[in-house]
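Here is a friendly walk through the structure shown below. Have a look at it first, then read on.

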Amino acid sequence: MRITVQGVGVVGGFGCGVQDLARALGAGPAVGEPVAALRADPSPLDRFVPRRNQRRLDPFSRMAALAAYLALEDADVLAEDHGRLGVVVASGYGATGTTLALIDSIIEGGDACTSPIHFAGSLHNAPAAHLSILLGAKGPSLTVSQFELSAPSALMAARLWLEQGRVDRVLVGAVDELSGLISYLWDRQGELERPLGPGPRGEGAAFLLLSSREDAGEPYCILEQAVTGRGPAPGLAPAGLALLSGSGEPGVTDLPTRRLTPVYGCMPAAPAFDLAAAAILLKQGDGPERIACLTCTGEGEFGLARLKGW
Amino acid sequence: MTAMAVPISGLGCISAAGPDLDACMASMFRGDRAPAAPRRFSTSHPLCYPVFEVPDFEGPAGLLRTAALLLAAAREALADAGLDRERLASLRAGACIGTTVGSAMNDEAFCRELRAGRSPAMAPMDRIRSSNPAAVLARAFGLTGPCQTIVNACSSGTDAVGLGASWIEAGLCDLVLAGGADELGRITCNGFISMRISAPGPCRPFDRDREGLNLGEGAAVLVLEAPELLRRRRARARSFVLGYGSSCDAYHPTAPSPDGAGLDRAIQEAMAAAGIQASQVAFVNAHGTATPDNDRVEGRVLAATLPGVPFLSTKGFTGHTLGAAGAIEAAFTVACLEQGRIPACAGFKTPDPDLGAVPVTENTIIRGTVALSQSLAFGGNNAVLALGLDSPSGPRPDREWGSLRGSHACVRSERSTEQGGPPSVISGGRP
């Protein structure tokens with residue numbers, strides 16, 4: 001079975017959509033003063049969802065929804081019926097802004113004033129729930145949280161669903177936000193047992209629309225491999241370029257490598273942006289035929305995806 | 001979709017009903033249950049909302065209680081399967097674990113300090129970052145395969161078992177530690193009370209006068225193995241994951257769709273994967289939280305889709321253990337199939353005419369080799385496992401009667417059997 005990337009949707013510090021990311025990839029990181037934080041603006045969601053229907057969506061869910069809509073639009077399937085669409089969402093930390101707001105409601109008003117809205121929004125699977133409701137997606141829905149390996153883990157699940165024939169399209173992506181809580185962790189990361197990364201700190205969402213349908217239109221690329229594990233990562237060959245993310249070192253590789261986190265920021269969702277970047281680079285067609293996206297954690301875990309040009 | 005038959009070679013469980021699976025089963029069949037005010041934290045609500053706390057349990061200081069509960073269940077499951085760390089290290093073994101609290105960055109004391117403009121120490125954040133449930137198992141047992149923590153709210157445990165089984169089916173692993181874990185906490189308790197779905201007394205699943213859920217805590221782990229590995233090490237399967245189905249209501253962030261269509265799709269998918277008909281289902285271990293909405297939808301779907309099939313909720317014994325619930329209930333389901341009986345649905349007293357279905361009211365003998373265990377969740381998730389004693393290729397060698405294909409589920413009350421009279425058939429499922 002051939003699994004293809006039909007659409008890409010991204011929002012981050014570089015902007016919104018494939019063109020903004022492609023431009024940023026071409027330009028490389030900004031020259032001059034180091035960027036303190038790469039923040040995402042989810043307001044273009046208004047183009048897809050009326051504001052009154054966004055009432056229950058916090059910024060975390062809005063970022064995820066925007067990237068998901070962009071991926072569907074990019075694949076030209078936005079108007080289709082999504083009744084059999086699968087949804088897989090990854091997040092390293094979840095909706096930490098809403099979690100803080102939930103605890104604020106308890107601190108300010110006491111236990112009896114706990115906010116039910118914030119409680120529901122603080123659950124990791126809130127973005128997946130909102131997405132399914134907005135899109136009418138009634139296929140399987142999954143949210144995973146594995147810190148830096150969240151996105152590779154989500155990709156593995158999405159691929160499996162397609163291979164099993166449970167669905168023929170999956171919207172898979174990752175989202176993380178730079179809330180007050182996460183900003184504080186960045187400020188004090190020297191005191192953490194395991195630092196968050198080299199920076200710059202970032203936030204945003206990146207989604208891919210994967211399909212197993214033979215009648216799908218011309219795709220970005222083919223998803224050849226998606227694995228996670230612990231120990232030495234499998235060989236990257238026959239890829240011609242490796243995009244690296246994560247706080248760990250990949251070990252020796254004889255491939256050309258790039259770390260793109262200066263473009264969209266350092267965050268657990270970064271591997272999903274690598275996948276989006278790889279898809280864009282492969283579609284541009286002036287680089288290698290295959291790109292590997294490798295995430296290594298400081299604890300010896302890895303996530304590997306290999307994409308091949310169409 | 002291809003038929004699934006993934007062997008389960010070990011089970012481990014810890015909950016308020018008992019410190020291990022055998023103890024849980026024994027206490028449920030005795031009818032023990034003791035929801036009480038939380039002992040490890042307090043709230044300022046005028047009413048006491050009882051919970052099911054695991055007593056006399058302390059984990060290491062550097063881990064969340066969720067992770068410690070999970071480790072306890074995993075050790076029991078691995079011992080049951082006859083596996084140790086050394087053997088696991090030689091296998092392609094993974095971990096697929098469901099949770100809710102175990103992944104939340106919600107240390108209340110830390111956040112209070114932060115909000116007050118002080119500079120809280122990082123230890124609570126380190127503890128959370130060190131306690132990702134699946135990663136904890138991978139570290140503790142030297143697992144080298146895929147590692148996934150599922151945060152699908154209250155269906156997480158069921159999804160974890162189903163997805164773990166699919167890893168085996170796909171050849172991604174030789175073995176998966178699949179399950180769920182969650183701990184009780186102040187923020188979670190406050191959250192459910194704020195949504196007005198916590199009961200001020202012991203929960204009453206499927207009862208006409210149900211007032212809501214009682215929260216609980218615990219963990220369960222199922223050792224899922226590739227059939228080839230099981231044969232190679234001459235081990236036995238306690239049972240099999242025969243099917244898994246899941247769907248999303250796409251209806252409301254926290255309420256189930258009133259038409260139950262999503263749950264029905266998940267049931268149909270699980271039964272199709274298992275290659276079984278409704279008439280072969282011996283019983284259903286229902287989600288049965290005792291909230292008005294959940295039990296109404298679930299009861300109606302069971303009445304329509306699996307009419308006459310006996311069902312129960314075990315949350316009257318354990319409370320609602322959130323991300324652990326599906327795994328704990330899967331372990332209970334297997335143990336019930338092995339024992340050929342199910343406990344009474346604790347807390348149920350008065351039938352609800354709005355449901356069209358009534359759970360078992362006493363410990364009940366069941367006949368049949370396959371059962372369903374199902375979970376519903378915030379976000380509209382529905383997840384269903386089909387679990388069976390026999391694989392489609394034939395009955396388990398140590399069982400004398402019945403085989404999956406062609407067996408008819410029927411039940412009788414345990415009391416009538418003990419009294420020596422003819423067994424009174426309560427239900428034969430759908431013909």
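## A cysteine to start with

Does B:Cys336 count as buried or exposed? With a relative accessibility of 3%, B:Cys336 counts as buried. Keep in mind that what you're looking at is a predicted model.

Now for the sulfur story. Searching the whole structure, across all chains, turns up 0 disulfides. B:Cys336 is in no disulfide, and its nearest cysteine sulfur, the one in B:Cys24, sits 11 Å away.

B:Cys111 is another one to look up. Its closest cysteine sulfur belongs to B:Cys189, and the gap is 17 Å, so that pair is too far apart for a bond. A disulfide would need the two sulfur atoms within 2.5 Å. B:Cys111 is also buried, with a relative accessible area of 2%.

## Chain A as a whole

Let's zoom out to chain A. It has 9 helices and 13 strands, and its C-alpha atoms fill a box of roughly 60 × 50 × 35 Å along the principal axes. For its 310 residues, a compact globule would have a radius of gyration near 19 Å; chain A comes in at 18 Å, which agrees.

How much of chain A is tucked away? Of its 310 residues, 64% count as buried. Take the contacts in chain A with a separation of 6 or more: 77% of them come from residues 24 or more positions apart.

Among the buried ones in H5(A) are A:Ala126, A:Pro127, A:His130, A:Leu131 and A:Leu135. Just after H5(A) comes A:Gly136, which takes a positive phi of about 70°.

Next, look for A:Ser183, which you'll find in helix H7 of chain A, spanning residues 180-187. A:Ser183 counts as buried, at 13% relative accessibility, because the cut-off for buried is under 20%. Which residues does A:Ser183 touch, not counting those up to four places away in sequence? They are A:Arg39, A:Leu178 and A:Arg201.

## Chain B as a whole

Chain B has 14 helices and 15 strands. Its C-alpha atoms fill a box of roughly 70 × 55 × 40 Å, again taken along the principal axes.

Buried residues make up 67% of the 431 residues in chain B. If you take contacts in chain B between residues at least 6 apart in sequence, 79% of them join residues at least 24 apart.

Chain B carries 39 positive and 42 negative side chains, and the centres of the two sets lie 1 Å apart.

Notes. Residues are numbered from 1 along each chain as its sequence is written. Chains are lettered from A and ligands numbered from 1 in the order in which they are written. This is a predicted model: local features need pLDDT of at least 70, side-chain atom pairs count only at pLDDT 80 or more; totals for chains, interfaces and linings use all residues. Side-chain values use heavy atoms; hydrogens and water are left out. Buried means under 20% relative accessible area, exposed over 50%, partly exposed in between (1.4 Å probe, protein chains only). Helices (H or I, at least four residues) and strands (E, at least two) are DSSP runs, numbered from the N terminus. The radius of gyration is taken over C-alpha atoms; the globule rule is 2.2 Å times the number of residues to the power 0.38. Contact means heavy atoms within 4.5 Å. Lys and Arg count as positive and Asp and Glu as negative; His and the chain ends are not counted. The place of a charge is taken as NZ of Lys, CZ of Arg, CG of Asp or CD of Glu.
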